[in-house]
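Please keep the sequence and the model in view while reading.

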Amino acid sequence: QVHVAESGGGLVQAGGSLRLSCAASGQTFRISAVAWFRQAPGQERENVAQISWTSSTTAYSNSVKGRFTISRDNAESTVYLQMNSLKPEDTAVYYCAATRPASPTWDYWGQGTQVTVST
């Protein structure tokens with residue numbers, strides 16, 4: 001089994017920065033990629049960034065491209081999401097998820113961490 005746990009959320013003013021962490025544990029050799037999702041009240045869940053577990057391949061949604069950076073520390077089995085130039089519309093619960101090779105879904109999910117951006 002794989003477990004992922006988020007940390008680092010909080011309240012920040014517009015224009016500020018936060019860094020989220022996603023710590024993976026258990027059978028991390030099963031992981032092929034990790035992603036950050038977010039969901040605001042009344043809105044659909046959005047995949048904002050993802051990174052390969054074994055290469056430098058990354059992808060971002062258009063809504064965060066140029067402001068957010070996803071990175072990985074394999075020694076610590078941790079994935080980070082550096083969020084800069086935050087906007088009130090970035091307010092959401094942010095979730096970390098991991099997937100296995102050839103899996104059509106994101107198989108392992110964290111509990112989420114709240115990010116609130118004030119005006």
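Glu-46 counts as partly exposed, because its relative accessibility is 26%, where buried means under 20% relative accessible area, exposed over 50% and partly exposed in between, with a 1.4 Å probe and protein chains only. The model is a predicted one, in which local features need pLDDT of at least 70 and side-chain atom pairs count only at pLDDT 80 or more, while totals for chains, interfaces and linings use all residues. Residues are numbered from 1 along each chain as its sequence is written, and side-chain values use heavy atoms, with hydrogens and water left out.

The structure holds four salt bridges, each being a side-chain nitrogen of Lys or Arg within 4 Å of a carboxyl oxygen of Asp or Glu. Side chains of opposite charge can pair when their charged atoms come close. Among the salt bridges are those in the table.

| Side-chain pair | N to O distance |
|---|---|
| Arg-38 and Glu-46 | 3.0 Å |
| Arg-38 and Asp-90 | 2.8 Å |
| Asp-90 and Arg-67 | 2.8 Å |

Arg-38 is buried, with a relative accessible area of 8%. Because Arg-38 lies in strand β4 (residues 33–39) and Asp-90 in the loop between β8 (78–83) and β9, their pair ties together parts that are 52 residues apart in sequence. Asp-90 counts as buried at 0% relative accessibility.

**Two buried polar residues**

Thr-99 belongs to strand β9 (residues 92–99) and, at 9% relative accessibility, counts as buried. Its side chain makes a polar contact of 3.3 Å with the side chain of Asp-107; a polar contact is a pair of N or O atoms within 3.5 Å, where within protein one must be able to donate a hydrogen and the other to accept it, and residues adjacent in sequence count only if both atoms are side-chain atoms. Leaving aside neighbours within four places in sequence, Thr-99 is in contact (heavy atoms within 4.5 Å) with residues including Arg-30, Ser-32, Trp-106 and Asp-107.

Ser-52, in strand β5 (residues 46–52), is likewise buried, at 15% relative accessibility. The side chain of Ser-52 reaches the backbone nitrogen of Thr-54 at 3.1 Å and the backbone nitrogen of Ser-55 at 3.1 Å. Not counting residues up to four places away in sequence, Ser-52 touches Ser-32, Ala-33, Thr-57 and Arg-72.

**The chain as a whole**

The chain has zero helices and eleven strands, taken as DSSP runs numbered from the N terminus (helices H or I, at least four residues; strands E, at least two). The radius of gyration of the chain is 14 Å, close to the 14 Å that the globule rule gives for 119 residues, so the chain is as compact as a globular protein of that length; this radius is taken over C-alpha atoms, and the rule is 2.2 Å times the number of residues to the power 0.38. Along its principal axes the C-alpha trace spans about 40 × 25 × 25 Å. Buried residues make up 41% of the 119 residues, and of the contacts between residues at least 6 apart in sequence, 53% join residues at least 24 apart.
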